[in-house]
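Hello,

Here is the structure I promised to pass on to you. Please have a look at it first, and then read my notes below.

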Amino acid sequence: MTNKDLNLLLIEKFGELEQICNQTYDATHGVSVYIEKMENSNYLDREEVPNWEYFFKKLKEIRHKRNKISHGEIAFTDNCASMEDLNFIIEFKK
């Protein structure tokens, strides 16, 4: 799979995730709302979620990559998205 393919799929899959979060939080930037809620969660809430720190960092990283691609900071042919990113989004949506 080419860089362009991966980057396009990241945009597509992130968009699907964004729609789910938009509906959940009645917001236009639902993923950002979700991340904000994670930032504001307390220690006990974090302890209940396996791999909370990894999950939090990965979600922020993917949002950052999506923004860089969408806002033209990098070309679609640049190395940005990975299969790990795509698999993370797919698993998150389950």
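**Charged pairs and the core**

Lysine 57 is exposed, its relative accessible area being 51%. Please keep in mind that this is a predicted model. The partner of lysine 57 is glutamate 53: their side chains form a salt bridge, with 3.9 Å from N to O. Glutamate 53 has a relative accessible area of 42% and is therefore partly exposed. Both residues belong to helix H4, where four residues, about one turn of the helix, separate glutamate 53 from lysine 57.

A salt bridge joins glutamate 16 to lysine 13, and the closest N and O atoms are 3.7 Å apart. Lysine 13 also meets glutamate 12 in a salt bridge, at 3.9 Å from N to O.

Is lysine 13 buried or exposed? With 19% relative accessibility, lysine 13 counts as buried, because the cut-off for buried is under 20%.

Now to the nonpolar side of things. The largest nonpolar core has 20 residues. Which helices each supply at least two residues of this core? They are H1 (3-25), H2 (30-39), H4 (52-70) and H5 (83-93). H4 gives the largest share, with six residues. The residues with the most contacts inside the core are Leu10, Leu17, Val31, Met38, Leu59, Ile62 and Ile89.

What does methionine 38 touch, once its neighbours within four places in sequence are left aside? Methionine 38 is then in contact with Arg46, Trp52, Phe55, Phe56 and Leu59. Of these, Leu59 is, like Met38, among the residues with the most contacts inside the core.

I hope you enjoy looking through it, and do write back with any questions.

Best wishes

Conventions. Residues are numbered from 1 along each chain as its sequence is written. This is a predicted model: local features need pLDDT of at least 70, side-chain atom pairs count only at pLDDT 80 or more; totals for chains, interfaces and linings use all residues. Side-chain values use heavy atoms; hydrogens and water are left out. A nonpolar core is a set of buried Ala, Val, Leu, Ile, Met, Phe, Trp, Tyr and Cys residues joined through side-chain atoms within 4.5 Å. Buried means under 20% relative accessible area, exposed over 50%, partly exposed in between (1.4 Å probe, protein chains only). Contact means heavy atoms within 4.5 Å. A salt bridge is a side-chain nitrogen of Lys or Arg within 4 Å of a carboxyl oxygen of Asp or Glu.
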